[in-house]
Amino acid sequence: MTDRQVLPGDEIAVEEEYVSSDGTYVRNGKIYASQLGTLVLDDNESIAKVVSPNPPNILKEGDIIYATIDDTRKTMATATALVAEGNRRAIASSTDATLHVSKISPDYTDNVGDEVRKGDLIRARVISTKPSLQLTTKDVHLGVVRAQCGMCKTELERKGKNLYCPKCRRSQPRKLADDYGDVKI
């Protein structure tokens, strides 16, 4: 194994000797660094890769993320992924996500609007990244973590399994995370 510092665009190997891996790309039979980092040439596996000291935050299946609901339809909600739990870096991959009605709650639900609403902040688990980012909130720790009243924009308070607006005195159903209101991102 060889370790040295490389810059993006540095020629690091040829395809005849190594297979391009993380942090590299191939052009005309030559392998180049695609990021700043430490070059690792693994002679046993014949792999060339560049390990970044500060890698991008790319989502993968199983990651827990925070997202805002952008729109709801009867069978699906669209959301924007904001940040992965435990990682302060912005998400480097696509941030447009979908939440299907069958992936919201372990209980039967026939309308997404009964569980999440536009503007809600949710905690969700990534169940797929290709071809698109897909989420689930079925677990007890997943769901809405912060919401505002649709009428007056007052922060909603938890009252049992529903949310309550202290100003409008309206109750609204949601698929709540077990720690609704206690989340700091």
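**Notes on salt bridges and nonpolar cores**

1. Side chains of opposite charge can pair when their charged atoms come close. By this rule the count comes to six salt bridges.

2. A word on the source: this is a predicted model, where local features need pLDDT of at least 70 and side-chain atom pairs count only at pLDDT 80 or more, while totals for chains, interfaces and linings use all residues. Residues are numbered from 1 along each chain as its sequence is written, and side-chain values use heavy atoms, leaving out hydrogens and water.

3. Where do glutamate 85 and arginine 123 sit? Glutamate 85 is in the loop between strand S9 (76–84) and strand S10 (96–100), and arginine 123 is in strand S11 (residues 121–128), so the pair links distant parts of the chain, 38 residues apart. Strands (E, at least two residues) are DSSP runs, numbered from the N terminus.

4. Now look at burial, which uses relative accessible area: buried means under 20%, exposed over 50%, and partly exposed in between (1.4 Å probe, protein chains only). Glutamate 85 is partly exposed at 40%, whereas arginine 123 is buried at 1%.

5. Arginine 123 also meets aspartate 179 in a salt bridge (2.9 Å, N to O). Aspartate 179 lies in the segment after S16, 56 residues from arginine 123. Both of these residues, arginine 123 and aspartate 179, are buried.

6. Another pair to find is aspartate 120 with arginine 174, a salt bridge whose closest N and O atoms are 2.6 Å apart. Aspartate 120 lies in the loop between S10 and S11 and arginine 174 in the segment after strand S16 (171–173), so the pair ties together parts 54 residues apart in sequence. Aspartate 120 and arginine 174 are both buried.

7. Which residues touch the most other members of the largest nonpolar core? They are Ile65, Ile122 and Leu135, out of 28 residues. Such a core is a set of buried Ala, Val, Leu, Ile, Met, Phe, Trp, Tyr and Cys residues joined through side-chain atoms within 4.5 Å. S9 gives the largest share of this core, four residues.

8. Apart from that core lies another, of ten residues, among them Ile12, Tyr18, Ile31 and Val50.

Methods: A salt bridge is a side-chain nitrogen of Lys or Arg within 4 Å of a carboxyl oxygen of Asp or Glu.
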